[in-house]
Amino acid sequence: MNLLEVTDLTVEYSSGGYKVRPLHEFNLSMDKGELGVLLGASGCGKSTLLSAIAGLLRPVSGSIRVNETEVVGLSGKDMNEYRQNSVGIVFQAFNLIPSLTARENIELVCRTAGRTRAAARHQADHLLETVNLGDRARHRPGSMSGGQQQRVAIARALALDPPVVLADEPTAHLDYIQVEGVLDILRKLADADRTVLIATHDERLLPLADRIVELSPRVAPEASVQHRELEDGEVLFEQGAPGSLVYTVESGLIQLFRSRDDGTEELVSEVTPGAYFGELAPMFGLPRSATARASQRTVVTGVPVPEFRTGLKPNR
Amino acid sequence: MAGPGSTVSPILLASLRDLQWRSRRFVLAALAAGLVFGVALMMSGVANSFTVEIKNTVSSLGATSWFVKAGIPGPFTDPAPFPASAADAIRSVPGVSAAEPILVSRALTHGAIQTPRGANLAPGPERNVNLLGVVPGHVGAPRVTKGTPLGGPDSVVVDESLKTGIGDVIALNGVHFKVVGLLNGVTYFAGQPVAFVTLGAAQQLGFSGASLASAVITKGTPEGSVPGFTSLTDAQVRADLKRPIVQADQTIQLIQVILWIVAAGIIGAIVYISALERKGDFAVLKAVGTPSSHLFAGLVIQAIVMAVGAAVIGILVEIPMSSSSSMAVRLALSNYVAVPVVAVIVGVVASVMPARRAARVDPAIAFGGGK
């Protein structure tokens, strides 16, 4: 059994009143000792995946199992215990509490989990030594460099010795000297009992990885020119689906709808004969941002991006 | 593992550290709320003084009962005069061991106009005094705290708030009297001092010497009645004396409540701003498994600490404010003890909204890209 099993995970959230689905039936499994790197463009769902594994986001469907514990569906005290004992999180912006010293930031996590003051202090000092910051225990985050803060954040993530450590862009705010120290620590974290999953744009992390997971939109299969005849109300493509063709209306009328987070649809635009639509998804590798539906008997022609570019003329 | 309750202390640590971290803001808020507490405390003292002065004034005459004309609510608020000879009939009521007429009226004064050595003084501002005419050496004659008891027709015993000394000469409605004795806290109608003169002098001042009285006060509980008169107890007289200032008292209480609300608003606003600024901290704390209830408790603790600090400041600023007030301010130890108690309540009330906001923070925002 793998330490971390993500199966058919679908996550949706609301953004600006619209429903967004960054993860759709996503799968991942990682074993002890593995260090995985999640790569992908902004908005592709890296942080969302980490949030879901950390128990901070409730997915629409799917399963997340950590050490054979099903995370989806946990709530209240069980969820708090899971967050305390099963996952450690290293945040992009360090997210240390500014009013607390480095030691207190770590102690707070230990004591929240019920450790005694003495045990919490001992653990904090031990971890600060581990990340080579033993001499900075009494310093507040504001008086430390970005690299030092990130190392304290790593120490905090390890405070309760969790089996899974999640790191979100851990090198984003660091210069190259600071990155070196942080990378070294992150590599050492993935040991016999622990899995580390790092979301990043930083390709310098790739040599550390045991596994690289590219999180990019589902790519539509190659397609050739298509002519489609649609009946009134027939859907040409759904919002969120991958897209490979740019369409032109030959006759009839296409309406573009966007799903709202309250379950209703908003009419975005109407496309009349001679006009094209749906070009952004295939051009930029994004999911369709709206659903296209014929509002009467309609004929459309779909062309791949290269052909579309060749024949592009201003028509709107 | 730690024992029960140990999970509260980390949030206490975080709350106190945050207070230190943002100390300038919290101190300023505590100062502002402290001033409000101080004013509220002073208002309590003013309201208390209304009750205390009435009690002092009524008890200063040493009466067991008060006979007034039938249909009259009391001798002070509606002093309907009647012949002073009515005292003779009242003396014969069973249970009455002594009875003397008193006359209640008012006079204007400018305070001391002459020193004991005869040096003239510039008249002070015009003031109203409550004039009580009593029979010297009998029931109704006040027990002085300084000087000698009321004596001859040109002598007067006054409350210390009139700021005169023994031997000073004052003018009451233009007639000169020599201050022979002083009283402490014998005022009514919101701090207006009482001046005791002889019954004859009061009759001369108010009624051109007509032998009239407003009430007959007795020693001994009357066991019978006198036609045309009503017998009142001290408690009834106190209630009558308080009636004209009931609305003022209620207004003061309303202002006090408003002041507590203002203090809660000051503390609540600061804690709310703090909660907004700490949204990220709360998200992180929730992400590492801190229960929402602990975040709620953390902000309540902050508000209580600030409110108690404000209460201490309030008590400290009340002292100079009250001493410079022209109105009497009387505070008991219980009033001072009540301030931190009320402050805790104010703190809890003030923190509810920000604390609820903190408890509802979505932990996913701890991730930059999380929703």
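Mentor: A salt bridge is a side-chain nitrogen of Lys or Arg within 4 Å of a carboxyl oxygen of Asp or Glu, and we shall apply that rule to what is a predicted model.

Trainee: At what N to O distance do the side chains of A:Arg65 and A:Glu70 meet in a salt bridge?

Mentor: A:Arg65 is partly exposed, with a relative accessible area of 29%, and A:Glu70 counts as partly exposed too, at 26%. Since the cut-off for a salt bridge is 4 Å, the pair qualifies with an N to O distance of 3.6 Å.

Trainee: Which residues are linked with B:Asp18 in a network of salt bridges?

Mentor: Over all chains the count comes to 22 salt bridges. In chain B, some of these side chains are joined into a network, in which B:Asp18 is linked with B:Arg22, B:Arg25, B:Glu277 and B:Arg278.

Trainee: Turning to the rings, how is the pair of B:Phe37 and B:Trp260 classed, as stacked, edge-to-face or tilted?

Mentor: This is one of 9 aromatic pairs over all chains, and its ring centres lie 5.3 Å apart. The pair links distant parts of the chain, because B:Phe37 is in helix 2 and B:Trp260 in helix 6 of chain B, 223 residues apart, and both residues are buried. Planes under 30 degrees apart count as stacked and those over 60 as edge-to-face, so with planes at 50 degrees this pair is tilted.

Trainee: Which element of chain A gives the most to the lining of the largest cavity?

Mentor: The largest cavity has a volume of about 100 Å³ and is lined by 14 residues, with A:Val87, A:Gly88, A:Arg156, A:Ala157 and B:Val288 lying nearest its centre. By class, the lining has 10 nonpolar, 2 polar and 2 charged residues. Helix 2, strand 6 and helix 5 of chain A each supply at least two residues of this lining, and the element that gives the most, with 3 residues, is strand 6.

How values were computed. Residues are numbered from 1 along each chain as its sequence is written. Chains are lettered from A and ligands numbered from 1 in the order in which they are written. This is a predicted model: local features need pLDDT of at least 70, side-chain atom pairs count only at pLDDT 80 or more; totals for chains, interfaces and linings use all residues. Side-chain values use heavy atoms; hydrogens and water are left out. On a 1 Å grid over the protein atoms alone, a cavity is a set of points where a 1.4 Å probe fits but cannot get out, and a pocket is an open set with protein on both sides within 12 Å along at least five of seven lines; lining residues have an atom within 4 Å of a point. Grid points are joined across faces, edges and corners, and a volume is the space filled by probe spheres set on the points. Helices (H or I, at least four residues) and strands (E, at least two) are DSSP runs, numbered from the N terminus. Ala, Val, Leu, Ile, Met, Phe, Trp, Tyr, Cys and Pro count as nonpolar, Asp, Glu, Lys and Arg as charged, and the others, Gly among them, as polar. Rings of Phe, Tyr and Trp (its six-membered ring) pair if their centres lie within 6.5 Å; planes under 30 degrees apart count as stacked, over 60 as edge-to-face and the rest as tilted. Buried means under 20% relative accessible area, exposed over 50%, partly exposed in between (1.4 Å probe, protein chains only).
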